[in-house]
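Look through the model below with the explanation beside it. The account goes from the whole chain to single elements and residues.

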Amino acid sequence: SSSSSSFIMEFSIGLIGDGFVLTAADCTSARSVIKMKSDMDKMVTLSDKCLLVRIGPVGDCNNFGDFIQANLKLQEFQNGFPTSTSGTANYVRRQLANSLRSRGAYQVNCLVAGCDEVDGPSLYFIDHLAAMVKSPYAAHGYGSFFTLATLDRYYKEGMTETEAIDLLKKCFQEVRTRFVVGMKSFKVRIVDANGIREIPMEDLE
């Protein structure tokens, strides 16, 4: 179906390093064979140290991202502190599971990346069927078909920021070389104890 195939042509990826999570997503918005945009930001900031990366139909992604962001902000106001990364991931999974049992299920694949004071960096893989797993690295979309083998081969625990960026470059190169759809631009962000910061594409060429 068109709803289930539209997000496959996209790509998101995340991996945990020594005290940080490195995330990336392509910037393409397309429908069928038509490219609508090439500068789309598929990440949503949920708190000072937590990101939601989502791919799927644009309407679903925007509505779901806004819904999660607003409700977590409300919880932060009510509780006086932000939700942990684990709590955030479970909340996202619960909302996707609830939507599956309605007429308007969200066709959204997500990565939740965050860094907590006690638990440190963590990454959660959540698909549109509300399956969730905590993982040291994860990827969604067709791009994952080409990059998971690279991650299996080169990922190691406790990578430095430079090593993690070098591995991400390998994944980008694999997608650009093997995937019939050209993915040229990506948004890349790091989440660590100091917050969220973006890495310019010029530093990844």
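The protein has 5 helices and 12 strands, where helices (H or I, at least four residues) and strands (E, at least two) are DSSP runs numbered from the N terminus. The radius of gyration of the protein is 16 Å, close to the 17 Å that the globule rule gives for 205 residues, so the protein is as compact as a globular protein of that length. That radius is taken over C-alpha atoms, and the globule rule is 2.2 Å times the number of residues to the power 0.38. This is a predicted model, in which local features need pLDDT of at least 70 and side-chain atom pairs count only at pLDDT 80 or more, while totals for chains, interfaces and linings use all residues. Residues are numbered from 1 along each chain as its sequence is written, and side-chain values use heavy atoms, with hydrogens and water left out.

The C-alpha trace spans about 50 × 40 × 25 Å along the principal axes of the protein. Of the 205 residues, 47% count as buried; buried means under 20% relative accessible area, exposed over 50%, and partly exposed in between (1.4 Å probe, protein chains only). The protein exposes about 10,300 Å², and carbon and sulfur atoms supply 49% of this area. Accessible areas come from the Shrake-Rupley method with a 1.4 Å probe; for residues, only the protein chains shown count as cover. Among contacts (heavy atoms within 4.5 Å) with a separation of 6 or more, 61% join residues 24 or more positions apart.

Helix α5 covers residues 161-178. Its 18 residues should span 26 Å at 1.5 Å a residue, and the end C-alpha atoms are 26 Å apart, which agrees. The expected span is 1.5 Å times one less than the number of residues. Which residues of α5 are buried? They are A164, I165, L167, L168, C171, F172 and V175. They cover an arc of only 160 degrees around the axis, which puts them on the same side of α5; the arc is that of the directions from the helix axis to the C-beta atoms. An α-helix has 3.6 residues a turn, so residues three or four places apart point the same way. T162 and R178, on the other side of α5, are exposed. The buried residues of α5 pack against β1 (11-16), β2 (20-26), α4 (142-154), β11 (186-192) and β12 (195-199).

Two of those packing partners, β11 and β12, pair in the antiparallel sense over 5 bridges; strands pair if DSSP finds at least two bridges between them. These strands form a hairpin with 2 residues between them, and I190 has R197 in β12 as its bridge partner.

Another hairpin is formed by β3 and β4, again with 2 residues between the strands. β3 (residues 29-31) and β4 (residues 34-37) pair in the antiparallel sense over 3 bridges, with A30 opposite K35 in β4. S32 in the turn has a positive phi of about 60 degrees. R31 lies in β3 and counts as exposed, at 62% relative accessibility. R31 and F20 are 11 residues apart in sequence and 34 Å apart in space, C-alpha to C-alpha.

Helix α3 (residues 85-100) has buried residues too, including Y91, V92 and L96. Among the elements that cover the buried residues of α3 are α2 (58-79), β7 (109-116), β8 (120-126) and β9 (132-134). A130 is found in the loop between β8 and β9. A130 is buried, with a relative accessible area of 8%, and its phi is near 70 degrees, a positive value in a residue other than glycine.
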